[in-house]
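This briefing goes through the protein chain shown below, topic by topic. Keep the structure in view while reading the points.

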Amino acid sequence: MKKRECLEWSEDDEMNKDDDLAEFPLPVPWQNVDAEGLDCDYALLFTKEEAYRLFDRLETEVVYLTGHEARVQVYGKVHDIPRKQAVYGEPGLNYTYSGVKHFARQWIPTLEYIRDSVTKVTGQVFNFVLVNRYKDGLDHMGEHRDNERELDPLCPIASVSLGASRDFVFRHRDARGRGRRRIEPVKLQLVSGSLLLMNPPTNTYWYHSLPRRRAVCQPRINLTFRRIISSDEKGSLMTTSTS
Ligand SMILES: O=C(O)CCC(=O)C(=O)O
């Protein structure tokens, strides 16, 4: 039987990796990732130690969805989501994901702290976060775009990762299906403490996924901060644009 290798998530290893970065203030310089219609920025937002602390706090504080809210329907069949999910944000906001409407729980201080840290380095304001917890490399997220109607199309989606490193793959919409074009996927590794900004128009043209990775035995929490346009705001935007 093939041995299942574990990529242990050890604080010592991670801290050694950080030695050469110690002289830089955080976020460690932004790296731009671009391709046709894809525009992302990647940086380390938190030190490894702080990322550990935040991960531990979220482990005790986050309340994950259960029951029908933790299931999806694919081709008429109902499945458990292959990870745990939670949604937090401003009162009254909701977000429809895979056909299921989720109402936001009220912000908790740890999520507010992370949200405000992202705002500090990006200048962007977010009113909602989707939390995904992957218990190990078997938990995953299928290919999709974050292009729901309620998202502000001008605001980047800010993805913060805590815990195990995971591969993250972008695939161009024209590289799927019949008559597909040859466009190379874009592959990243999201490490603990990192921030990935998916800037517009990335989510129009590119699907993204977090594939299964049997070698990963440690848990990971991902937070995607978003700006949702509430129905009130939509009303006033419509009034403005038509008057
Ligand atoms: O866990 C991740 O990095 C992926 C999250 C994601 O794709 C999403 O929230 O839309």
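The structure is a predicted model. Its protein chain has 5 helices and 16 strands. Of the 243 residues of the protein chain, 28% count as buried. Among contacts in the protein chain with a separation of 6 or more, residues 24 or more positions apart account for 76%.

**The sheet of 8 strands**

- An open sheet of 8 strands runs in the order S1-S2-S14-S11-S16-S9-S5-S8, and its pairing is mixed.
- Its edge strands are S1 and S8 (105-106), and each of these pairs on one side only.
- Strand S1 (residues 28-35) runs antiparallel to S2, and 6 bridges join the two. Within this pair, valine 33 stands opposite cysteine 40.
- The hairpin of S1 and S2 has 2 residues between the strands, and glycine 37 takes a positive phi near 75° there.
- S2 is also joined by 6 bridges to strand S14 (residues 194-199), again in the antiparallel sense. Leucine 44 has serine 194 in S14 as its bridge partner.
- S11 and S14 are antiparallel and are joined by 4 bridges. Serine 159 has leucine 196 in S14 as its bridge partner.
- Towards the other end of the order, S5 and S9 pair in the antiparallel sense over 6 bridges. Alanine 86 stands opposite valine 131 in S9.
- S5 and S8 pair in the parallel sense over 2 bridges. Tyrosine 88 has arginine 105 in S8 as its bridge partner.

**The two faces of strand S2**

- In a regular strand the side chains alternate between the two faces of the sheet.
- Strand S2 (residues 38-44) has Leu38, Cys40, Tyr42 and Leu44 on its covered face. Its uncovered face holds Asp39, Asp41 and Ala43.

**The sheet of 4 strands**

- An open sheet of 4 strands has the order S10-S15-S12-S13, with antiparallel pairing.
- Strand S10 (141-144) and strand S13 (186-190) stand at the edges with a single partner strand each, so one side of each has no neighbour in the sheet.
- From one strand to the next, the twist averages 15°.
- Strand S12 (residues 166-172) and S13 run antiparallel and are joined by 5 bridges. Phenylalanine 170 stands opposite valine 186 in S13.

**Helices and the core**

- Helix H3 (residues 109-122) lies across strand S5 (84-89), S9, S11, S14 and S16. Helix H3 runs at about 125° to S11.
- In soluble globular proteins, nonpolar side chains tend to be buried together.
- The largest nonpolar core here has 39 residues, and those with the most contacts inside it are Val118, Val129, Ala158 and Val160.
- Leaving out residues up to four places away in sequence, valine 118 touches Leu45, Phe126, Ala158, Val160, Leu195 and Phe225.

**Around the ligand**

- Which residues are around the ligand? They are Leu130, Asn132, Met141, Asp146, Ser159, Phe168, Leu190, His208, Leu210, Asn222 and Thr224.
- By class, this shell has 5 nonpolar, 5 polar and 1 charged residues.
- Strand S9 (128-134), strand S15 (206-210) and strand S16 (220-226) each supply at least two residues of the shell.

**Aspartate 146**

- Aspartate 146 is one of the residues around the ligand, and its place is in the loop between S10 and strand S11 (157-163).
- Is aspartate 146 buried, exposed or partly exposed? A residue needs 20 or more other C-beta atoms within 10 Å to be buried, and 12 or fewer make it exposed. Aspartate 146 has 16, so it is partly exposed.
- Aspartate 146 touches Leu151, Ile157 and Asn203, not counting residues up to four places away in sequence.
- Aspartate 146 and methionine 198 are 52 residues apart along the chain, and their C-alpha atoms are separated by 9.7 Å.

**A cis peptide bond**

- Proline 200 and proline 201 are joined by a cis peptide bond, with omega about 5°.
- Proline 201 lies in the loop between S14 and helix H4 (202-205).

Key. Residues are numbered from 1 along each chain as its sequence is written. This is a predicted model: local features need pLDDT of at least 70, side-chain atom pairs count only at pLDDT 80 or more; totals for chains, interfaces and linings use all residues. Two strands pair if DSSP finds at least two bridges between them. Axes are lines fitted to C-alpha atoms, for helices over the stretch in contact, and angles run from 0 to 180 degrees between N-to-C directions. A residue is near a molecule or strand if its C-beta atom, placed from the backbone, lies within 6 Å of it. Ala, Val, Leu, Ile, Met, Phe, Trp, Tyr, Cys and Pro count as nonpolar, Asp, Glu, Lys and Arg as charged, and the others, Gly among them, as polar. Two residues are in contact if their C-beta atoms, placed from the backbone, lie within 7 Å. A nonpolar core is a set of buried Ala, Val, Leu, Ile, Met, Phe, Trp, Tyr and Cys residues joined through C-beta atoms within 7 Å.
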